[in-house]
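Work through these exercises with the sequence and the 3D view side by side. Try each task before you read its solution.

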Amino acid sequence: MPHLTTAEVIDRFNHAFVHHDPEVLDDLIAEDCVMEAIQPAPDGERVEGRQACLTFWRTLADDRTTQFGPEQVWVDGDRATILWRYRFGDGPDDSVRGVNLMRVRDGRIIEALGYSKTGAPVPLATDTEAQA
């Protein structure tokens, strides 16, 4: 089977979050994937390896109390930029805008660096302390 293009990988990645369909992620993550979450400040949590990245993203994608919405996507070769909004409530202040800088190799995500416009912590489904 031919490798997916960068645009196809990013489209499927976004689909997983928009439609709360975490299984879509299973074939998109490389063994050597590295991601940096939007928090905690100043650098964000660094997650390394396919299984760790997949666990992090599957938890977010499966959380039906939140909504991820890509606003714009740019693809150039093996790189993509996703401008997004993440909603974690119904109020006007219950969302954050951000950007992910993505890199794809052989049809799989190898790097995802997340940045957001916020100074305060954003509640994420992956925050085990917030759920306790």
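**Exercise 1. Work out how strands β4, β5 and β6 are joined.**

Step 1. Start with β4 (residues 79–87) and β5 (residues 95–105): they pair in the antiparallel sense over 9 bridges. Strands here are DSSP runs of E with at least two residues, helices are runs of H or I with at least four, and both are numbered from the N terminus. Two strands pair if DSSP finds at least two bridges between them.

Before going on, note the ground rules. This is a predicted model, in which local features need pLDDT of at least 70 and side-chain atom pairs count only at pLDDT 80 or more, while totals for chains, interfaces and linings use all residues. Residues are numbered from 1 along each chain as its sequence is written, and side-chain values use heavy atoms, with hydrogens and water left out.

Step 2. Pick out a bridge between these strands: R85 has R97 in β5 as its partner.

Step 3. Move on to β6 (residues 108–116). It runs antiparallel to β5, and 8 bridges join the two. Here M102 is bridged to A112 in β6.

Step 4. Look at the turn. β5 and β6 form a hairpin with 2 residues between them.

**Exercise 2. Describe M102: where does it lie, and is it buried or exposed?**

Step 1. M102 belongs to strand β5.

Step 2. Its relative accessibility is 2%, so M102 counts as buried. The cut-offs are: buried under 20% relative accessible area, exposed over 50%, partly exposed in between (1.4 Å probe, protein chains only).

Step 3. Compare sequence and space. M102 and S116 are 14 residues apart in sequence, and their C-alpha atoms are 15 Å apart.

**Exercise 3. Find the aromatic pairs and classify two of them.**

Step 1. Apply the rule. Rings of Phe, Tyr and Trp (its six-membered ring) pair if their centres lie within 6.5 Å; planes under 30 degrees apart are stacked, over 60 edge-to-face, and the rest tilted. The count comes to 5 aromatic pairs.

Step 2. Take F68 and W84. Their ring centres are 6.2 Å apart and their planes stand at 45 degrees, so this pair is tilted. F68 lies in strand β3 (residues 67–76) and W84 in β4, so the pair ties together parts that are 16 residues apart in sequence. Both F68 and W84 are buried.

Step 3. Take Y86 and F88. This pair is also tilted, with 6.2 Å from centre to centre and 40 degrees between the planes. Y86 is buried at 8% relative accessibility, whereas F88 is partly exposed at 23%.

Step 4. Look for a group. F13, F17, W57, F68 and W84 form one aromatic cluster.

**Exercise 4. Examine the backbone at P40, P42, H20 and D106.**

Step 1. Know the background. Most residues other than glycine have a negative phi, and most peptide bonds are trans.

Step 2. Check the prolines. The bond from Q39 to P40 is cis, with omega near 5 degrees. A cis bond also joins A41 and P42, with omega about 5 degrees. P40 sits in the loop between β1 and β2 (46–48), and P42 is placed in the loop between β1 and β2.

Step 3. Check phi. H20 has a positive value near 50 degrees and lies in the loop between α1 and β1. D106 has a positive value near 55 degrees and lies in the loop between β5 and β6.

Step 4. Contrast their surroundings. H20 counts as buried at 10% relative accessibility, but D106 counts as exposed at 51%.
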